[in-house]
Amino acid sequence: MILQEQQRADFNKKGLAKHQQHFSFLANKLEDEGVAVQKVVDKLAEFQVAIPSWALGAGGTRFGRFSYAGEPATLEQKLEDIGLLHSLTQTAGAVSLHIPWDVPQDYAAVREQAATLGIRFDAVNSNTFQDQKEAKESYKFGSLSNTSPAVREQAIAHNLEVVSIGEHLGSKSLTVWLADGSSYPGQHNFQKALMHTQNSLAEIYEKMPADWTMFIEYKPYEPNFYSTVIQDWGTSLMLANGCGNRAFTLVDLGHHLPNTNIEQIVAILMLKGKLGGFHFNDSKYGDDDLTVGCIKPYALFLIFKELVYGMENNAQNPPLSWMIDASHNLKDPLEDLIQSLEAIQEAYAKALLVDQQALEEAQEAHDVTACQEMLQNAYRTDVRPLIRQARLQQGGVLSPLDAYRQLGVRRQLIRERGLLSVASGL
Ligand code: LRH
Ligand code: MN
């Protein structure tokens, strides 16, 4: 389903006057406080988040999966859905593919469709946490860290195949997440597992095109429940340093033990110039892959406060890859993604309101209360008129979720695809 320009304009007509009233009120207030409002709006307008190709259908858990009607059953239908998200929000102009869940059948056609929809190919993800039917070796006991050279070679070859698929689409980065680990004490030789992983990653890194980057994603547990080879940011950083200056860490918000100070990790990684990208989601307990900002919105704001500081002060850190990594067990996947995109833009907009210089002066003066108040004032600002203005500026709609519902998108998708179409992915 493609949304026509006129449909978006008609939809916006109703709310335009009220928006302009809200926007000018907020803009005047912020300008009085010294905020360059148009600069904030422009930054929001250029901010693009990659949509995970594996999260456009209903997700599931080991206790079951409840499919969602009208799911995209092909890569082409997934790109169509991302195109629709982008036409509504103007902030979803990229896709992150997961291989082999989304192997393009016709590269030229997929490239052309994506270009027409204004979607670029961000990082491609390898998958050595599931065995493929025709595979000679099994990843049951690990992949790049496996004690068996044959298994490691198979996993290395798969990662290089993923890179070549990405090359055909114009992607420039590979994301490696390993389920490798152990579930029982004594099962693993920790040192050998890490050395095999380092050497395997180095081999992939050496064979990647010279203009490609590697993102190494860490996770403390699941599917292994005693140890994970790449368990935390320090291990990911060490492995990235072991590969070279085109290897970086990837922070998935759900991959931290309870109460971990993720914003401090972000600050350290940016200072070291080794933060490559993000997988945005939210969680209450484990890697719950819930809608961004639905459980800990203040924590997300604090993370963006460090990202804004880093983007202004750490030229040594490359531009970041922004991606969502969520799983939709209960809600319409597209509505869930619209909510996540809104929450990400909101956290970013609030972080852009922080007067970094005034904050630094208060920090130097140990005026703790003033430091806290500056952050909370920014966080307590309703920035939604700024986000709407950025969308409007790019040709999007004022309220994507309302438009999605009022335009009956899901009903249309069900008419086109039927009730039983199932999307590949998690
Ligand atoms: C692992 C992970 C990783 C993906 C997978 C779909 O939990 O976050 O990023 O490969 O989810
Ligand atoms: Mn992830």
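## Exposed backbone exception

With a relative accessibility of 68%, His366 counts as exposed (exposed means over 50% relative accessible area, buried under 20%, and partly exposed in between, with a 1.4 Å probe and protein chains only). His366 is not a glycine, yet has a positive phi of about 55°. This residue sits in the loop between helix 11 (356–364) and helix 12 (368–379); helices (H or I, at least four residues) and strands (E, at least two) are DSSP runs, numbered from the N terminus.

## Basis of the model

The model is predicted: local features need pLDDT of at least 70, side-chain atom pairs count only at pLDDT 80 or more, and totals for chains, interfaces and linings use all residues. Residues are numbered from 1 along each chain as its sequence is written, chains are lettered from A and ligands numbered from 1 in the order in which they are written, and side-chain values use heavy atoms, with hydrogens and water left out.

## Manganese site

Glu217 (OE), Asp252 (OD), His279 (ND1) and Asp325 (OD) coordinate the manganese ion (ligand 2) at 2.1 to 2.2 Å. Donors are N, O and S atoms within 2.8 Å of the metal (3.2 Å for Na, K and Ca); water is not among the atoms, so sites may look incomplete. The spacing of the donor residues in sequence is E-x34-D-x26-H-x45-D. Asp252 belongs to strand 11 (residues 247–252) and His279 to strand 12 (residues 275–280), so the pair ties together parts that are 27 residues apart in sequence.

Both Asp252 and His279 are buried.

## Nonpolar cores

A nonpolar core is a set of buried Ala, Val, Leu, Ile, Met, Phe, Trp, Tyr and Cys residues joined through side-chain atoms within 4.5 Å. The largest one has 110 residues, and Met214, Phe278, Phe304, Leu307 and Leu386 have the most contacts inside it. Helix 10 (residues 333–352) gives the most to this core, with 11 residues. Apart from it lies another core, of 7 residues, including Ala50 and Phe248.

## Cis peptide bonds

Ile99 and Pro100 are joined by a cis peptide bond with omega of about 15°. Pro100 lies in the loop between strand 4 (94–96) and helix 4 (107–117).

A cis peptide bond also joins Glu222 and Pro223, with omega of about 10°; Pro223 is in the loop between strand 9 (213–217) and strand 10 (227–228). Glu222 has a positive phi of about 75° although it is not a glycine, and at 34% relative accessibility Glu222 counts as partly exposed.
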